[in-house]
Amino acid sequence: MKKLLSLVVALVLVGFCVQGAEAIGFNERARTYVGWEEGYLGFSPVPQSTWMVVKWSKDWNPPFGEGSPEGAWLTVHFTWYTNNINISAGFFGHDEGSLVYWGNPDTVPEAKYRVEEYSKVMILNNPEKYEEKGAVPANELGYPFPDNAYVVHWSVEIYNATTGELLFEVSLVPSLG
């Protein structure tokens, strides 16, 4: 009986360890990725500087949706820190010269700004109604999305990294114009 009880306790502990390991990185069963940008994309302008939470539909083919059917989607939440919010200099400061190395997602690095970006990409065979609202081909962002993948939602929030005060927010898609 003691051996059986020991085996059950060991299996429970192993289960907790496996569950914890799935919290960071890819969890295919939950269709999520949580971790550094380079872990999902395979590269980053500055390693361990951009944290990503990615969720995709059951029909989405990770990482970029190649061969996915119409209606398949991917959502991404990026978080990074920067000392430079010069929109004309790059992707809201998301370039090698302005990204702040972070290294630990449980801490706040020394930086002036925290940037939170939310986006949704969908596979659309007839994108006209989305294009009218500002949707853009996802491959125009510089990632290898298929030609029928479109950014149907994209918003950016910029915060004071020290106080957490919201300084600026914009919804790029859908456009308000």
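**View 1. E38 is a partly exposed residue of helix α2.** In this predicted model, E38 has a relative accessible area of 22%. Because buried means under 20% and exposed means over 50%, this residue counts as partly exposed. Helix α2 itself covers residues 37-41.

**View 2. E38 meets Q48 through a side chain and a backbone nitrogen.** Let us stay with E38 and look at its surroundings. Once the neighbours within four places in sequence are set aside, the contacts of E38 are F43, S44, P47 and Q48. With Q48 there is a polar approach: a polar atom of the E38 side chain sits 2.9 Å from the backbone nitrogen of Q48. Along the chain these two residues are 10 residues apart, and their C-alpha atoms are separated by 7.7 Å.

**View 3. R114 and E116 form a salt bridge.** Side chains of opposite charge can pair when their charged atoms come close. Here the closest N and O atoms of R114 and E116 are 2.8 Å apart. How many salt bridges does the structure hold? The count is 1.

**View 4. S57 is a buried loop residue.** Follow the chain to the end of strand β3, which covers residues 50-56. S57 belongs to the loop that links β3 with β4, and β4 spans residues 73-82. Its relative accessible area is 9%, so S57 is buried. Which residues does S57 touch, not counting those up to four places away in sequence? They are R31, A72 and W73. Of these, W73 falls within the range given for β4.

**View 5. The whole chain, for orientation, has 3 helices and 8 strands.** The protein chain has 177 residues, and 38% of them are buried. Among contacts between residues at least 6 apart in sequence, 54% join residues at least 24 apart. The accessible surface of the chain is about 10200 Å², and carbon and sulfur atoms account for 57% of it.

Key
Residues numbered from 1 in each chain as written. Predicted model: local features only at pLDDT ≥ 70, side-chain atom pairs only at ≥ 80, totals over all residues. Heavy atoms only, no water. Helix = DSSP H or I, 4+ residues; strand = E, 2+ residues; numbered from the N terminus. Buried < 20%, exposed > 50% of the residue type's maximum accessible area, 1.4 Å probe, protein only. Contact = heavy atoms within 4.5 Å. Areas by Shrake-Rupley, 256 points an atom, 1.4 Å probe, with all protein chains shown as cover. Polar contact = N/O pair within 3.5 Å; in protein donor to acceptor, adjacent residues only side chain to side chain. Salt bridge = Lys/Arg side-chain N within 4 Å of Asp/Glu carboxyl O.
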